[in-house]
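Subject: Structure for you to look at

Hello,

Here is the structure I promised to pass on. Please open it alongside this message; my notes follow below.

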Amino acid sequence: AQRIFSGIQPSGNLTLGNYLGALNRFVTMQDSGIETIYCMVDLHAISVWQNPDDLRRQTRELAAAYLACGLDPEKSILFNQSQVPAHAQLAWLFNCVARVGWMNRMTQFKDKAGKNAEKMSLGLYAYPALMAADILVYKATHVPVGEDQKQHVELTRDIAAKFNHDYDVDFFPMPEPVIEGVATRVMSLRDGSKKMSKSDPSDMSRINLKDDADTIAKKIRKAKTDPEPLPSETDGLKERPEARNLVNIYAALSETSADNVLREFGGQQFGQFKPALADLAVAKIGPISDEIARLMNDTSQIDAILGKGADRAANIAEPIVNEAMEIMGMVLSR
Ligand code: TYM
């Protein structure tokens, strides 16, 4: 059976990258006929220190963002990770399957830790084993993510394969990363070689789902570009990362291809293209941020949705983690 799983960290401002690379695609997939399970990964978030009040608010805001983007909690299972203990249980089992050398090759850890690896939490280092558990505790087969998470999904496949091999079973499936569309790697507005990120020190580098219309327009107006007009074909964007990024954002927001965008804007200057992009971004994001604010007026409603989602998720995950324990030799005494 096929099953879709993905997660987002409730660790700060949601960006246009999270929206185009993840949220928006998750919502599309809930109508694919395949079961969809989406998680707010609060256990991942605490791998770097989070202010507890902020974490609570961000978790609910992320839930509100899923709903504001059109996620239907009847169609999809929506919950926060910490409420389904099977994630942490399977993560421990995987800590004992995965190898230290595999973790050492994870580029996200290296990027986050920099020269301070010794001072990072053990959780940040082991993070990919928890992510593998998130996916495999549902035996998920498809994992929609942005480009930056590809290596972690590949590691998940390695863990699944080693588990199956070490215990001579055909238990875990090999999940596929689903990385498609024009917005799998939305870049910083200040530097076309860096991805747009909630942790970038410059707020001008990203569009946040919570930005108001003026802020969005200002950030796009000030986005780094080059002095050339837009080319009429995507080939002409090859050496122009900033221009390519803005064209891809436009394409993703209007659900078309970069070719189509250039058919419309090729030959025009950024002075013309940027206001069109700003209008489009405001038209798409404005209603979402309004809806997030509205939903946040009643967090008890959000909590109720998450509670139901956690029950549904646990019903799938518990038998799978129990079976994994049994395979490894644990006595299931109750
Ligand atoms: P996180 O919280 O950093 O990001 C959530 C999702 O947004 C995507 N994304 C982007 N896509 C395009 N352009 C960008 N600039 C951009 N920035 C972020 C990410 O690729 C991701 O899909 N480890 C994961 C969370 C996670 C997870 C999982 C994902 C935990 N367990 C299991 C899938 C399956 C993370 O930190 O994503």
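The centres of domain 1 and domain 2 are 30 Å apart, taken over C-alpha atoms. Keep in mind that this is a predicted model. The domain assignment puts residues 3–178 and 298–328 in domain 1. Domain 2 runs over 203–294.

Eleven residues from domain 1 and ten residues from domain 2 make the contact. On the domain 1 side, α1 and α3 (52–68) each supply at least two residues. The largest share of that side comes from α3, with four residues. By class, the side of domain 1 that touches domain 2 has eight nonpolar residues, two polar and one charged.

Next, the ligand. There are 26 residues around the ligand, and the nearest are Gly-7, Gln-9, Gly-17, Gly-21 and Gly-146. The shell holds eleven nonpolar, eleven polar and four charged residues.

One annotation to check. An unreviewed UniProt entry marks residues 10–18 as a short sequence motif, the 'HIGH' region. In the model, this stretch is 33% helix and 0% strand. Its end C-alpha atoms lie 11 Å apart.

Now helix α9 (residues 213–221). Which of its residues are buried? They are Ile-216, Lys-219 and Ile-220. These residues sit on the same side of α9, because they cover an arc of only 95 degrees around the axis. What do the buried residues of α9 pack against? Their partner is α12 (270–295).

Last, a single position: Val-321. It lies in helix α13 (residues 299–328). Is Val-321 buried or exposed? Val-321 is buried, because 23 other C-beta atoms lie within 10 Å, and the cut-off for buried is 20 or more. Leaving out residues up to four places away in sequence, Val-321 touches Ala-86, Gln-89, Leu-90 and Val-137. Val-321 and Ala-88 are 233 residues apart in sequence, yet their C-alpha atoms are 10.0 Å apart in space.

Over to you.

Best wishes

Notes
Residues numbered from 1 in each chain as written. Predicted model: local features only at pLDDT ≥ 70, side-chain atom pairs only at ≥ 80, totals over all residues. Buried ≥ 20, exposed ≤ 12 C-beta atoms within 10 Å, placed from the backbone. Arc of directions from axis to C-beta. Contact = placed C-beta atoms within 7 Å. Near = placed C-beta within 6 Å. Nonpolar A, V, L, I, M, F, W, Y, C, P; charged D, E, K, R; others polar. UniProt positions renumbered as here; feature names shortened; annotations may be inferred. Domains from an automatic or database assignment.
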